[in-house]
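This report goes through a few local features of one structure. Please look at the sequence and the model first.

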Amino acid sequence: MSRARGDLELQVFAALAAGDGAMTTSDVRDALGGELAYTTVMTVLGRMAEKGLATRRRVGRSYEYTAVVDSAEVAAHQIHRLLDARGDRAAVLTRFARSLSAEESQLLVDLLQDSE
Amino acid sequence: MRTAAVLGLIAIVGYALLAPIATRRLAPSAATVLLVTGNVLSAASGVFILAVLAFTWIGQFPFVAEEGAWSPALLRSDSPVPAWPAAIAGCLVTLALVSALVTGLRQMRALLEVHRACRRLTAVGDLVVLDDERPDAFSTPQPAGRVIVTSGLLRALDPRQRAVLLAHEKSHLVHHHAWWNLAAGLAAAVNPVLRPAARAAATAVERWADEDAARAVGDRRLVATTLVRVAQLQTRFAHPAAVVAATGGDLEARVRALLAPPPRRRPLVLAATIAVLAVGALPAAAVQHTGEALFEHAERPAAVPHT
């Protein structure tokens, strides 16, 4: 499968997981910025439902989708231990960002404002 | 040999001090490769030089000399290294190897733990969404690497910021970034002098993913604002004690770089940096050469058969 298609599925799933509760195809399309064709989003959602990555429920003439998000307690607990750990456990992961002190946070906001 | 060894150790310290500064202006992918290669090579050459120094002393023990078929007395009179510096070198080598072993084992265990934890999670492509309020995002090393994002973080970002986050984490997976970090960390475990250089490598790795994300979404400023947004969200959720301990000192550098124009390719700077690295390796080669000569000279003449 093409890389672009895999990325699309990822984006759709992220949008679905970000939403509160069930979303219709047009909700998902809007959540993605509204740039994709309705049919494209519908196809991706349909495929995800078939794979068991999302559940769907018929509402009127269309479907509402919900992302199947892991709440496997044990795994989640393990991941949190990995996240909380400093040193070597944390070193095997690359984190997007870490928490900041108040001064650092202010400095970064100032930087962004200056660049405007 | 003494001069070469001293020069070699000076070269390593010099590298450790200068490499983080010298690679700052390079494109982050080039900086990562150079820093990690340089860190690993200088950690290895440090251990090598100290091991040769130590062996001029160890080689004088009769039972070792017996094995190596050289004369302990000749070695003692030839050796340019007094016993006590050689003994100290031996202790340092032992410490370095033990530290590398302990760190390596701990990291392998952590890797296994990460993989075990991830195996049970449902992944869409490489993405795992964890149902959790705490905003967090990270990636685990290849093979079978995963991007793990909490639903709390996804909810707190707008669609464009989500695209930045996913592109950034995807870059980590595609370019095997976790392994570069692990290698730099191991080098720093062998030689603590290389710790700042390992931190510089970790920052370069994040910068690499930032640049990839900027290219994917076509907006450098958006990447910068997403970084700050996520850091602030995490601060709000973090334990007060953790804020002090886990300050992302590299975040400022990353934001500054994103607000500046994209890095240009600098073949000249790159070539010069590689040349300096190569010159730094010369003393280690000299130690190897003179060390070999020393033991050859101390070799016992072949036993003359009795007539």
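Is B:Arg215 buried or exposed? B:Arg215 is exposed, with a relative accessible area of 61%. The model is a predicted one, and the values below are computed from it.

**Salt bridges**

B:Arg215 has a charged partner: its side chain meets that of B:Asp212 in a salt bridge, with 3.4 Å from N to O. The two residues lie three positions apart in helix 9 of chain B, so about one helical turn separates them. B:Asp212 counts as buried, because its relative accessibility of 17% falls under the 20% cut-off.

Over all chains, the count of salt bridges comes to twelve. Three of them, including the one just described, are listed here.

| Pair | N to O distance |
|---|---|
| B:Asp212 and B:Arg215 | 3.4 Å |
| B:Arg254 and B:Glu206 | 3.7 Å |
| B:Asp210 and B:Arg254 | 2.8 Å |

B:Arg254 forms a salt bridge with B:Glu206, the closest N and O atoms being 3.7 Å apart.

Together, B:Glu206, B:Asp210 and B:Arg254 are linked in a network of salt bridges.

How accessible are the members of this network? B:Arg254 counts as buried at 2% relative accessibility. B:Glu206 is buried, with a relative accessible area of 6%, and B:Asp210 counts as buried at 0%.

Four strands form an open sheet with mixed pairing, in the order 4(A)-2(B)-3(B)-1(B).

Which strand of chain B pairs with strand 4 of chain A? The partner is strand 2 of chain B, residues 137-139, and the two pair in the antiparallel sense over two bridges. Within this sheet, A:Thr94 stands opposite B:Ser139, a residue of strand 2 of chain B. In general, strands of a sheet pair through backbone hydrogen bonds.

Notes
Residues numbered from 1 in each chain as written. Chains lettered and ligands numbered in written order. Predicted model: local features only at pLDDT ≥ 70, side-chain atom pairs only at ≥ 80, totals over all residues. Heavy atoms only, no water. Salt bridge = Lys/Arg side-chain N within 4 Å of Asp/Glu carboxyl O. Buried < 20%, exposed > 50% of the residue type's maximum accessible area, 1.4 Å probe, protein only. Pairing = 2+ DSSP bridges.
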